[in-house]
Each structure stands twice: as structure tokens, then as C-alpha cells.
Amino acid sequence: ARRSGFAGRAERMFGLMDGFLKNDPWSLQKDVLHHVEYTVARSRFSFDDFEAYLALSYAIRDRLIERWHDTQVYFKRKDPKRLYFLSLEFLMGRSLSNSAVNLGIKDQCSDALNQLGFEFEQLVEQEGDAALGNGGLARLSACQMDSLATLDFPAWGYGLRYQFGLFRQVILDGFQHEQPDYWLNFGNPWEIERIHVSYAVKFYGAVEEVLLNGVNCKVWIPGETVEAVAYDNPIPGYGTKNTINLRLWAAKPSGEGDMESYNTGDYINAVVNRQRAETISSVLYPDDRSYQGKELRLKQQYFFVSASVQDIMRRYTDSHSNFDEFSNKVALQLNDTHPSLAIIEVMRILVDEENIEWNRAWSIVCDSFSFTTHTVSSEGLEKIPADLLGSLLPRHLEIINEINFLFMEELKKKLGLNYSQLSQMSIVEEGAVKNIRMANLSIVCCHAVNGVSRVHLELLKKRVFKDFCKLWPQKFQYKTNGATQRRWMLVSNPNLCSLISEWLGTKAWIRDVDLMIGLKEFASNTDMQHEWRMVKRVNKMRLAEYIEAISGVKVSVDAMFDVQIKRIHEYKRQLLNLFGIIHRYDCIKNMEKSDRMKVVPRVCIVGGKAAPGYEIAKKIIKLCHAVAETINNDPDVGDLLKLVFIPDYNVSVAELVIPGSDLSQHLSTAGHEASGTGSMKFLMNGCLLLATSDGSTIEIIEEIGNDNMFVFGAKVDEVPALREMKSSLKAPLQFARVVRMVRDGYFGHKDYFESLCNTVENGGDFYLLGNDFMSYLEAQAAADKTFVDQENGHA
Ligand code: F58
């Protein structure tokens, strides 16, 4: 209730300010031509698609800036509690279409362009993705920014402006190769460089004790300084003027100490060394699950945290003379543990620079910070070698040790001298290499810890953070992930949206997705079914064209489009999908010709990137290509079965694939996917799900009912026992047969695939593919049946 009251006030306030810039096609066209001539510096009588894309983007950005200013002025005056979302990753994808849609000016833009001889949809294709993240966690950050803006929150996101985003995946002879993502090479019209918003970030050096006003104080004398420069990316809400900011930091050499190094005489070396500062924000780490304690990664984390915290504190102290109100005005939300050094940085500033007494600083920090975890296994938790942290950030290590000391003392009082438990909960992991456990640090210092689905919270309670949950049950909660319907329907599937708005008689569902339930009453309406199917068919045709363009494979839109797109990982079990496809192929080959008529034709689509060092994941990609090569060229099979791998999967590819899918697969071994968000995007687009009972799927099943999806496989609670029994379980014959085909070289590359086969046989099979195989095939058969029913008008 508080939120909507607030939103109402914001709306009234924003309503008072009518922008300078008009949004009719004529004004837009004038602005586009202005930018062609004066920003892109091309003649307004001759410019190409890319230049038109740039000019249109600048024209839209002007409108974003206007709203952004109004938003900042409004919130500055109101001084509400602000939400700061700190994340090392944001997968924003493209901005043009999304901005035009959220500003409500897409049709006007189209009209303006048509008169100039350009097409909006074609210009959209000129934009590269902003891929500043790996996978689900990073795309969730982007969706959350859209929601925060739309729901009128006074929120800002903070992140890193990597010069190279997630690597580009190039497939050569079926093998993945990685290439740098030169996303900034042609400029980025969506960002605003703020050279005057910059902060010095310090590293290395030592801590010294000095006497200040008769008191012994710790002073950190850093050894290196780098400058953080802000790049702002305005994020518009839908149906509101609220436009929030995503502030990304880039590293630049610092001007500090220039004279000294130049005076030493080695001018060239001094300049070259300074330039090295830029490496801090140069590249995103492409690992989607685990960490190595790398110095550069730690530098990135602290660089981003230090700049963000300085910026946040500056904004706070602009209007407050002390820190009494800090936690009432500032909420710092950490996206996983990657930005958790922010906690220590705030503590350090309060204690060392603001001279606030430790206990008071501690309570300000605990009240301000909360964090979300996206991990299900203890092995996936982030650890940083204490030596590394101590050399890069000596004062921060001291503060961590002090926090841990006080925490251990408190624990001893509560638990007694239970050393095993104390050592498990300690922030510092003792051993040959001393590590700082960033999750333990975050739990101890934050007032709230949240999981990303209901079962995720249960797993946190039962396994990952068992002891902490017992100690502080009130801290732990969950917020099941979501996906924004603005990006995943309005931008990517406008025809379906028009249909929904027409049948519902309102567009209100675009801000409040629950209203889509109203469609239920039309579910059996044959007109609606027909229209729905036509929309799907057009989307499938578009996807089929794309598939042919990238792979040369012609696919029939009458076939079921069966899709699995996500990062390649053993736990996500793309291998189970491939084994299912091989089984299907084998069945078709071995059946009587007359029976082939009964086979439901399928186009199996797989896409995703493997982390560059993840050998098994790379082999899965190669196997997919090898199987596709055999199947797609087998005349016995024809249109009954096709397999295509979509290279370089990213947000904009997902926007094309999802609306054209009939069935989507989410096959994680139960208990391994913290939530999963892909399934939600498919569902919104009227696609059936074939999934294990894992992560958010469990809640989806409760919402839509078991009979509206194909659920298979072991349940979360069954998995541990199955793993224990694994060596005594015999894999079904059908499973053994498909693995044997791969082992024996049916798809070539016999030696190369051997280690892949070993992961699922000989007592291996940690992810239980053999165990789940038969129920997977049953679910697939049920999907076939439903698809035929639907084609016959029974669905
Ligand atoms: C994902 N985590 C979860 N991590 O796997 C997924 O179940 C969940 O839906 C999603 O977060 C959003 O909550 C994930 O994507 C990463 O990519 C990290 C990036 C940095 C390195 C460690 C993994």
C-alpha cells in the first residue's frame, strides 16, 4: 500500500512536468535528422541503416535524459529511502526497442522512420548486445532494473563497464572457440559519459598506526591509485516517467602523483604503466559457476565497490550532516557475494574516516546491507585467499579479522566451545591456504539474506547455510525470481501482446502481469485459439528463416520446435536432451516405414555458451554438432527430426527464439538450479514446459497445474539417496544403448567423446541422467501427444 501511494505521488509530480521534446512522428523525425547531421556528422540526405540507428538512438536518449533529470530532481526534493543494487553483472541486451516500448513511442518512431525510407525493425538489428554478464544472475539484474523503474522505486544500479563483455562464441567444425566481444568499437549511444563524476580508488600499501587527538588510529597508506569514471545508462519504466540510473564504472589512469613519476625521467614508461590501470575494467570473467582467487577479479570487485560506495555516501552527505539517518535513507542490496567488500568499505569509511565508534558503525552497516544468494552448493561459494586480500587491501583484511573475532566471541557464548561448528561458521577458513568466506561474511554483516525460490530457501536451511539459519532464522527469506513482460513479451512478441490486450480489453497487464489470468475464460474460445496459433506460426517462420540463415538447415514450421537454450553445464543436462534425441533417431531408423507416419515431427534447437575452461561442456557442444550432422543428412529421417545448434546465444537471440518455440526444456538435476528464469519467459510466450521439479519450476507447477506441463525425474529430496545408491543401480537398456552409440563412434570422434561418456557410466553419473532417462522419455512422449492434439484443435 505504501508503494502504490508513493507511486501515485510520483505520477502526479512527474505529470506536472511535460517534457520539452515532443513525441509525435514529425518531431521525432526532425530530431533524428538533427542527430544524423550534428551528432553522427553525416549528411541528412545520405545515411545508412547504422547511422539511422545511431541517430534514432540519440533522439530517444534525449527523451530518456529529460525524464531522468525530472526523476532525479523529484527524488532529491523528496529524499526517500533509496535502493542501491550492486551487481558485477548486467545482461542488458539491446536498448533501442526496449526504450521505445517503455517510453510508449515505438509506433511514432516507426512512422517517423518510414517517411525517411527506413524500417524500425531493421534498425533494431543494427544494435549489438550489451552482454556484461554470464547468465541467469546477470539477466535477472537487468529484469529487476526494468521492474524497479516501472514500479516507481527510487533505485540505482551500480556495476562495471567492461570493455569486453561475455566472449563471442564461434563454432568451427562443431567446436566452440571464444572471441573478444568488441561491443564498444562502434560507440554506445545509450550511455552518458560523466568525466566529472570520478573517484580515486586505492590499492596495496600498508596500514600504519598514528596518534590523532591523543587516540591511536589506523591509517591506510595506499600504494596505487586508479580513477573510476561514471557512465550512466538511463533505464525507463513502462507507463511512468520514472527513469532510473544504471551507473557503470570504467577504470582510467589517475592523475595523482603524475609529477613525481615524470620527474624520474622515464616519461614513456610512466605513461605506459598508467595506461595499465584500464585493465581493471577491461574484461568480464566468463565463468558461470566457480571462482578462482584471481588478483584481477578481486581488483575489479573492490574497484567497483569503492567507487559505488563513495558515490552513494557523497549523495547521502550532500543532504545529511551526520550518519544517524544513513540506514533509513540507504538500502544496499548485494547481488550475490561478489560486491560484498562494500560492507567492509562502508565500515572502514565510518570508523577510519568519519571517526565513528565501532559498535555504532557496525549497527549502521548491518541495518543498511542485505544480500541475495544465487547458489545451491557449498562448493560454489566464493572464497578469497587471505594473503591476496591482505596484500591488495591490507586495512580491509584487518577489519574482516576484527568482525570475525567479535562474531566468534559471540558464538562461543551461544554455542559453547563447539570447535567444529565454530570453524564451519567462521568467516576465515583455516587450512594450508587461509581463505575468506565471502558468503559467511555477508551473512554475518547483513540483516537479510534471500534465496531466489522457495526450494532454494529450503536448501539453504537444510544444507548450504544450515548453522546460520539455526542461529538467525529471521534473517533468511526468499523472493522467487521473475522476468519482465516488457522485454520478454512486448519487445520480443508484439503480435501476441496485441492479441492479449484485445481479448482482455486492457493493456493494464503490461504493468501487472497477474491480470493475464483473465485470459483463462477465453481458453476454449476457438477464435482466440486460432489467432493465438497464427501468431505462433508467424514467429516460427521468422525463427525458421534465422535457422536456415545461420546453419543452412531448412526446417518445417509444422514440426514441433523443441528448445533448450541456456549456459551449457553438466547439471543443466543438455546431455540428457542429446541422449533423448539420439534415442528418438534410433527409434525412427528402426521402425517400419509405415510407422514413421505416426512420428510427431520435431525441430530440436539447442543453444548456449560453455565457460572457456570447461572441457566437458565443450564436448557437449561438439556432440550436439556431431549428432546434428548425422541426423540432418539422413534421408530416412527427413523432416521427422532435425537438430540445430544456435551459435552465440545471447539476449537478442533469446528474444527471437522464445516466441517461436512450442516446447522448452529445463532439465537440471533436482536440487541444482537455485531458481531458473528461462522457463518463465517461455511460459509468457505460450510455450509448453518439459521440466524437472527443481528451483522455480516447483512453484510454476503449483500455479499452472501438473497437467499443463511435462514434469519428470527425481525430486529434490530423492536425489541424495539416489546418489548413495548410484553404483548399485543399473541404467536402463535404452540409456545404455544411446551411450554405447556415442562410445562406439556412431557420430564419429570416438576418442574425443570417451571422457564425456565416462561422466554418466561406471558408477559416475553424478547428475543422475541414467536414473531419470525413462521418465524423461515418457514426458517427451506426452509432449508429442499434446502437440498432435493441439494441431487437431483439441488443446
Ligand atoms: C543463477 N546463477 C542460478 N550465477 O544458477 C539460477 O538458478 C538463477 O535463476 C539465477 O542465478 C538468478 O537467480 C548464476 O547465473 C552466475 O552466473 C555467477 C556469475 C559470477 C560467477 C559465479 C556464477
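**Close-up views of a predicted model**

**Figure 1. Buried residues of helix α13.** In helix α13 (residues 358–368), the buried residues are W358, A361, I364, V365, C366 and S368; buried denotes under 20% relative accessible area, exposed over 50% and partly exposed in between, with a 1.4 Å probe and protein chains only. Helices (H or I, at least four residues) and strands (E, at least two) are DSSP runs numbered from the N terminus. An α-helix has 3.6 residues a turn, so residues three or four places apart point the same way. The packing partners of the buried α13 residues are α11 (326–329), β12, α12, β13 (369–372), α15 (394–415) and α17 (438–445). The model is predicted: local features require pLDDT of at least 70 and side-chain atom pairs count only at pLDDT 80 or more, whereas totals for chains, interfaces and linings use all residues. Residues are numbered from 1 along each chain as its sequence is written, and side-chain values use heavy atoms, with hydrogens and water left out.

**Figure 2. Surroundings of T337.** T337 lies in the loop between β12 (330–335) and α12 (341–353) and is buried, with a relative accessible area of 3%. Its side chain forms a polar contact of 2.6 Å with that of E382 and one of 3.5 Å with that of D336. A polar contact is a pair of N or O atoms within 3.5 Å; within protein, one must be able to donate a hydrogen and the other to accept it, and residues adjacent in sequence count only if both atoms are side-chain atoms. Residues up to four places away in sequence aside, T337 touches F371, E382, M438, A439 and S442, where contact means heavy atoms within 4.5 Å.

**Figure 3. Surroundings of V229.** V229 belongs to strand β10 (residues 224–236) and is buried, with a relative accessible area of 6%. Beyond neighbours within four places in sequence, V229 contacts R194, I195, V197, S198, L248, W249, A250 and K252.

Figure 4. The ligand is surrounded by 18 residues, the closest being L137, H374, N481, E673 and G676; a residue is near if one of its heavy atoms lies within 4 Å. A polar side-chain atom of E673 is 2.7 Å from a ligand oxygen atom, and a backbone N or O atom of S675 is 3.0 Å from an oxygen atom of the ligand. The protein covers 91% of the 510 Å² of accessible area that the ligand has on its own, by the Shrake-Rupley method with a 1.4 Å probe.
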